[in-house]
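This report takes up the cavities, the strand pairing and the confidence of one structure. Please keep the sequence and the coordinates at hand while reading.

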Amino acid sequence: MNGVSSKFQASEASRSLSLLLLERGPTSAAPRARGVRGNARINPTSSDTKASLIQLKFSLLTVGLALCFSTVCCASDATFKPLEFPPSGSAHLLNGELVTADFIHRAGQFRDSKTGELHDFIMQSVAAILYNGAEADLRDVPLGTPMRFHVSNAGNSQIVLATDEISKNIPHIEPSNEAAAKEQRKNFIEFTKKRGVPGWIDKSDGNTLTITFFSGDPSNFKTMFRNDFVVGKDAAVCVANAELRTWNPGTDKEKATIVEIQNAPTDCYGCSGVRLVVNVPYMLEGFRRGRCVRVFGSGWPVKDSFYGESLMGYGYGRLQTTELMENVAKDYPDQFPFRTDYGNEKLPWFQLKTGIAPPPFAEHLVFGELVKADAAARTGQFRTDRSGEVVDFALIPEGEAKYLDAKATLADIPGGTRCRFHLFQDEKGAFTKASLVSDEFSFLATNGITYRIEASNLSAGKLNVARQIPETKNYNGDMERIPDIGRTELRVNESTRVWKNDQQVKLSDLAVGDALLINLTSEQKGSPSRCTDIWIGVNTHKLATESRKPKPAPKKK
């Protein structure tokens with residue numbers, strides 16, 4: 001019980017990327033060089049090309065940008081090689097029900113049909129979802145849908161394909177399912193035309209790019225998009241990250257002329273069978289071999305992605321939800337001279353130094369429920385999620401605890417509350433030093449996230465909720481409702497307390513449309529995480545936080 005063990009660290013490393021993308025707490029952004037998003041232009045025909053390339057090479061060397069193959073894949077997946085589609089049959093199969101979907105980071109959770117174990121997953125760049133007999137987005141799949149998850153390697157959270165029962169034998173679809181498949185293909189075409197077809201750059205030569213498109217349904221890909229990509233016609237190419245998110249397509253797009261369409265092998269996961277060769281007038285910094293792009297067909301409107309989905313937020317107020325910002329530790333690991341939860345596994349973790357604040361992304365984030373706390377000594381114990389290992393920890397001098405989005409002592413946090421522990425190594429290499437301990441309520445409130453009830457099944461002890469961020473003022477000065485950023489299943493039971501305004505109410509008082517903040521227990525083997533407390537409505541959320549703040553001293557007369 002002296003700290004997070006090496007065995008636990010190893011198990012955490014295998015799933016930390018997907019879990020952190022789902023639930024990372026707020027942190028300040030790490031600095032990065034201007035132009036890293038890949039929209040700086042290079043004219044290969046200009047007389048200044050040589051000087052520009054030398055200057056660019058020097059810039060890349062000095063800032064250590066990770067614009068190489070490592071940015072295409074997630075560092076935690078040793079079997080996924082950039083520019084190599086995983087061979088068919090190389091993944092192992094797990095069956096389970098979808099219980100969480102993160103639309104923005106293409107990640108989620110499913111509960112194993114046989115064991116009941118909760119699995120985190122993140123989709124590789126080439127990964128696809130097949131639902132109702134056609135390609136789909138996570139947004140299309142209802143919670144509770146039984147799925148077949150093709151996991152890239154044992155003990156890892158990376159998936160290359162997920163299908164429902166109807167779609168498992170695509171392109172063979174039962175006649176009774178053809179209508180649903182046709183409707184889903186129509187929806188996916190509309191979805192894709194708004195964002196561009198994803199792919200990666202196989203080759204960059206002069207002003208010519210060779211791009212292979214991604215698809216989980218190559219048998220229908222050509223039919224869906226063949227009229228949009230024709231030799232001699234124009235297209236638009238936008239740089240994307242490994243999550244297939246773009247920055248500012250309306251501005252960043254580069255006009256391209258299609259000069260050749262090639263066939264590509266499809267005996268693998270994720271390849272559409274279509275390879276495009278295009279000429280561009282300018283080479284963007286992001287047009288490098290191995291980088292992801294999105295390509296808009298001829299006549300497609302090229303607009304910015306939805307607020308929160310794009311990696312920028314032009315035309316809107318400052319983004320409050322930090323988990324939606326570009327994750328520089330994941331996308332540009334070479335900028336960090338230490339190991340992070342997102343990469344650089346061969347480097348040592350950052351070591352705390354007296355009087356020096358740790359840099360962004362230096363902490364190791366571990367989830368668990370608080371077991372006991374000593375407010376005076378600023379020490380305590382927690383039981384880790386999933387593994388159940390009990391860990392001793394101590395807050396560092398600059399560290400703090402938060403409860404209900406207010407500063408707190410460790411003793412203010414009720415025992416059994418699931419918290420986020422931002423940890424650093426002690427002198428023995430164990431993660432026992434905490435810079436921040438915070439509950440779920442605090443994380444959600446700080447990031448401006450609430451859960452909106454979409455469906456309630458109290459007899460089964462479940463709430464299906466959408467993950468939403470606040471209305472935001474757009475460039476016209478109008479308040480705009482932002483599309484949901486995810487969906488999850490919350491478990492409740494007779495012990496769950498429900499609060500509305502300053503009163504405790506019944507579970508049955510919960511209604512579709514209610515905006516919730518919550519606290520949870522941890523997930524343990526045979527004991528799924530459940531809500532300990534639910535707060536209904538913005539006014540209740542404010543009252544809960546205000547109740548934790550110290551009351552001002554009365555004024556002297």
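## Cavities

In the predicted model, a search of the whole structure finds seven cavities of 30 Å³ or more, a cavity being a set of points on a 1 Å grid over the protein atoms alone where a 1.4 Å probe fits but cannot get out. The second largest cavity holds about 390 Å³ of space, where a volume is the space filled by probe spheres set on the points, which are joined across faces, edges and corners. Its lining, meaning residues with an atom within 4 Å of a point, comprises 32 residues, and Arg106, Phe191, Pro198, Leu244 and Arg294 lie nearest the centre. Strand β4 gives the largest share of this lining, six residues, while β4 (118-131), β5 (134-136), α3 (178-195), β8 and α4 each supply at least two residues; helices (H or I, at least four residues) and strands (E, at least two) are DSSP runs, numbered from the N terminus.

The model is predicted, so that local features need pLDDT of at least 70 and side-chain atom pairs count only at pLDDT 80 or more, whereas totals for chains, interfaces and linings use all residues. Residues are numbered from 1 along each chain as its sequence is written, and side-chain values use heavy atoms, with hydrogens and water left out.

## Strands

A closed barrel of six strands runs β8-β9-β12-β11-β10-β14 with antiparallel pairing, and its neighbouring strands are turned by 45 degrees against each other on average, direction ignored. Helix α4 (residues 218-225) packs on this sheet, touching β8, β9, β11 and β12, where contact means heavy atoms within 4.5 Å. The table lists strand pairs, two strands being paired if DSSP finds at least two bridges between them.

| Pair | Sense | Bridges |
|---|---|---|
| β10 (234-239) and β11 (254-263) | antiparallel | four bridges |
| β16 (379-384) and β17 (390-403) | antiparallel | five bridges |
| β17 and β20 (431-439) | parallel | five bridges |
| β17 and β18 (406-408) | antiparallel | three bridges |

In β17, Ala394 is the bridge partner of Thr379, Lys402 stands opposite Ser438 in β20, and Ala401 stands opposite Ala408 in β18. The hairpin of β17 and β18 has two residues between the strands, and Leu404 in the turn has a positive phi of about 55 degrees.

## Confidence

The chain averages a pLDDT of 86, and 82% of the residues score at least 70; pLDDT is the predictor's confidence in each residue, from 0 to 100. Over residues 6-22 the pLDDT is below 50, although this stretch has 54 contacts in the model beyond near neighbours in sequence. Where pLDDT is low, predicted coordinates should not be read in detail.

Note on methods. Axes are lines fitted to C-alpha atoms, for helices over the stretch in contact, and angles run from 0 to 180 degrees between N-to-C directions. On a 1 Å grid over the protein atoms alone, a cavity is a set of points where a 1.4 Å probe fits but cannot get out, and a pocket is an open set with protein on both sides within 12 Å along at least five of seven lines; lining residues have an atom within 4 Å of a point.
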